[in-house]
Amino acid sequence: KFNFPKRIARTVEIADVLEDEVEDEFYYENSNIWDQMSDYPFKEGVTYQWRRRYIRENKSGVFPTLTANMGTGGHNVPLIKDKKGVRKLTPKECFRVQGFPEEYRLPDIARTRIYEQIGNAVTVPVVTRIAQNILNVV
């Protein structure tokens, strides 16, 4: 008797999860891979993925999947361009993308491990809606 939840309209845009102030270390202009990225025509308000050798624009309007290896410089690293430059998302922004509440406290562990946790997490609103439907048939 269980039914998966029906699709709902998206109510959160990338701009809604971005932090106002981001430390320089998240920007790529001074990184060792910037030479591979610098010619790409990045646009503000669009998400991209660094795919180890190339950049892919996300044209769907839905944020790309966060993976456990995005914090290690691996593939599928989500990128955005803001007024300051091209950067990866901060851990807090990634937790927001996954639907964690604003008051959620990030663990006190290495940043690489935080990105792994984010990439292994299940999106909170999705789990909540599925759990509600399970409860409806129990």
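Trainee: Where does Gln49 lie?
Mentor: Gln49 is part of strand 1; strands here are DSSP runs of E with at least two residues, helices are runs of H or I with at least four, and both are numbered from the N terminus. This is a predicted model, so local features need pLDDT of at least 70 and side-chain atom pairs count only at pLDDT 80 or more, while totals for chains, interfaces and linings use all residues. Residues are numbered from 1 along each chain as its sequence is written, and side-chain values use heavy atoms, with hydrogens and water left out.

Trainee: Is Gln49 buried or exposed?
Mentor: Gln49 counts as buried because its relative accessibility is 7%. The cut-offs are under 20% relative accessible area for buried, over 50% for exposed and partly exposed in between, with a 1.4 Å probe and protein chains only.

Trainee: And what does the side chain of Gln49 make a polar contact with?
Mentor: With the side chain of Arg56, at 2.5 Å. A polar contact is a pair of N or O atoms within 3.5 Å; within protein, one must be able to donate a hydrogen and the other to accept it, and residues adjacent in sequence count only if both atoms are side-chain atoms.

Trainee: Which residues is Gln49 in contact with, leaving aside neighbours within four places in sequence?
Mentor: Tyr54, Ile55, Arg56, Pro64, Thr65, Asn76 and Val77. Contact means heavy atoms within 4.5 Å.

Trainee: Switching topic, which residues touch the most other members in the largest nonpolar core?
Mentor: That core has 27 residues, and Tyr28, Met37, Trp50, Met70, Leu79, Cys94 and Ile118 touch the most other members. Such a core is a set of buried Ala, Val, Leu, Ile, Met, Phe, Trp, Tyr and Cys residues joined through side-chain atoms within 4.5 Å. Elements giving two or more residues to this core include helix 1 (14–17), strand 3 (77–82) and helix 4 (111–120).

Trainee: What does Met37 touch?
Mentor: Not counting residues up to four places away in sequence, Met37 touches Tyr28, Phe42, Trp50, Ile55 and Leu79.

Trainee: Now Val62: where does Val62 lie?
Mentor: In the loop between strand 2 (55–57) and strand 3. Val62 is partly exposed, at 46% relative accessible area.
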